[in-house]
Amino acid sequence: MRRPVPPVRRARASGEATRAGERACGGAVAVLADRVFAHARPSDASHVAAIVGAGGGLVLTGANPVRAARRCREEQAFEGPILFDSAAAEARVATRERPFDEGGDGLLEITLEQRVQGQIDAGADAALTPTGYLRAADFGALDAAVEGAVGLARDDVILSLPLDAGWLAPGLIDKLIGVLARAPVAKAVMPGGRAAAPRRMLDGVLGLRRLVTEVPDVALFRTDLTGLDAVAQGCLAASIGTSDALRRLVPPGETAGYGSADGGDRSPGVLVPDLLTYVRGSVLADRFGDRAAPPCRCARCGGRSIAGFLRQEDWKDARLHGVAVWTEWARNLLYPDSPEGRRRYWRRLCRDAIAAHARYNTSVRAREPVFVPPESLWVWAGEDTATATAGVVTPARP
C-alpha cells in the first residue's frame, strides 16, 4: 500500500504558493519547487542541514543515507525536504531493456515500484528513480526511462536523468527537449561526462539553459553553480554538490580525474565568493604566494584566508564553506517574486565576479592574468536566455 506523499515541511509565502500551484504535476513538484538542495554524503548531512535550513533541502547519496536523514529529523528538527540518490548511474549504463538499476541481490527481483516505495517508506519526501547513465543519442534508453517513470502513475516520483554531456550538443538538444517536454512527471537532470573542448563546454552551458527553460517541471541536480543559473532562468529546483565528486557524474568505467594529474595534490576545491567559481586550494595558495589572500566572511569561516584550504584535513571545512557561501546566494536569488527580479540579481552577481577576477590579478601583481573568468560566467552575466542560446554571449569581453 502506497504511503501518502508527505506535505512540504515549511509554510510557503504567498508568492511561493502561487508559483507552486501553477505547476502541472503534484507532490514531487511541490517538494522541489523554489529550492536549492545540497547534494551531500550522509557523513556531512547534519552539518549541511544546519547550514541550508528549512528553506533548502538535502539530497543524500552514499552509505547509510536513511540513518543520516533520521538523525537530521530527530536530533536537529530539520524541516526541509530530504531525497535519496542511489547513484545508479555511477555503476551502470541505461539500456532500452534495463533503464533502471533493479538493485537486487541476484536471487530476488526488485521492481521499480518497490525501489520507489522503499525510498518513501524510509522517509524521503519524494522518490528519485534509480536510472542508469544515459549515453548521448541513446533514445531507446531515454524513452524506456520516461515510460517507466510515467507508468508508475505516482505524483511522488522524480525521474532521474543522468545525461551525458553529448545530449546538449546542437544536433541532439532539440530532440531531447521534445522527448522530455512531453513527459508528465517531475524530472531531475544530472549532467555527466566531460565537455573538455571550449566549443563543447559552451554548448553544454547553453544547452542546459535551453533544457531548464523549455522543459516543464525540470530540476537540475548534482551540479555546481550552474544550478543557481538554472533557478534564475526559471528552473523548478537545483541541487549543488558539496564536493567535486558530487558536482559532476562520471560515466561508468571512466576515471574521475579530480585533483592533480599525479595524484599528489590533496587540497580541496574551494568556492571563492568574490570570483563565483571553484578553485583548488593549492592553486589559490600558489597564486597569492606570500601576499595576503582575501578573508572569507561566510557563516563557517569567520575570516579564514580563502587560500588556507591546503591539506586533506581541510576537505570537510572546504565543503561546508562552499555550502555556506552558495546558500546565502540562493536565499537572495529566491527572494524576489518576479522572474526578472531573480535574473537581475543573478546577472549582477556574475558581473561583479567578472570584475573581481581583474582585481585579483592586480592584487597578486600578475604579469599575465592568472585569474580568468570561466566561459560559463560570461554566459551567466548575459542579458537573457534568448540572447545566450542564440550564440551571443554578453557582456562583451574587454
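The structure is a predicted model, in which local features need pLDDT of at least 70 and side-chain atom pairs count only at pLDDT 80 or more, while totals for chains, interfaces and linings use all residues. Residues are numbered from 1 along each chain as its sequence is written, and side-chain values use heavy atoms, with hydrogens and water left out.

The protein chain contains 14 helices and ten strands (DSSP runs numbered from the N terminus, with H or I over at least four residues for helices and E over at least two for strands). Of its 398 residues, 55% are buried, where buried means under 20% relative accessible area with a 1.4 Å probe, protein chains only. Among contacts (heavy atoms within 4.5 Å) with a separation of 6 or more, 68% involve residues 24 or more positions apart.

Together with helix α9 (residues 226-232), β7 and β8 make a right-handed β-α-β unit: with the strands pointing away from the viewer, the path from the first strand over the helix to the second runs clockwise.

Turning to the aromatic rings, the whole structure holds six aromatic pairs. Rings of Phe, Tyr and Trp (its six-membered ring) pair if their centres lie within 6.5 Å, and planes under 30 degrees apart count as stacked, over 60 as edge-to-face and the rest as tilted. Trp346 and Trp380 form a tilted pair, 5.5 Å centre to centre with 45° between the planes. Because Trp346 lies in helix α12 (residues 339-363) and Trp380 in helix α13 (residues 375-380), this pair ties together parts 34 residues apart in sequence. Trp346 is buried at 1% relative accessibility, and Trp380 is buried at 4%.

Tyr360 and Phe371 have ring centres 5.4 Å apart and planes at 85°, so they are edge-to-face. Tyr360 belongs to helix α12 and Phe371 to the loop between α12 and α13, eleven residues apart.

Terms used. Buried < 20%, exposed > 50% of the residue type's maximum accessible area, 1.4 Å probe, protein only.
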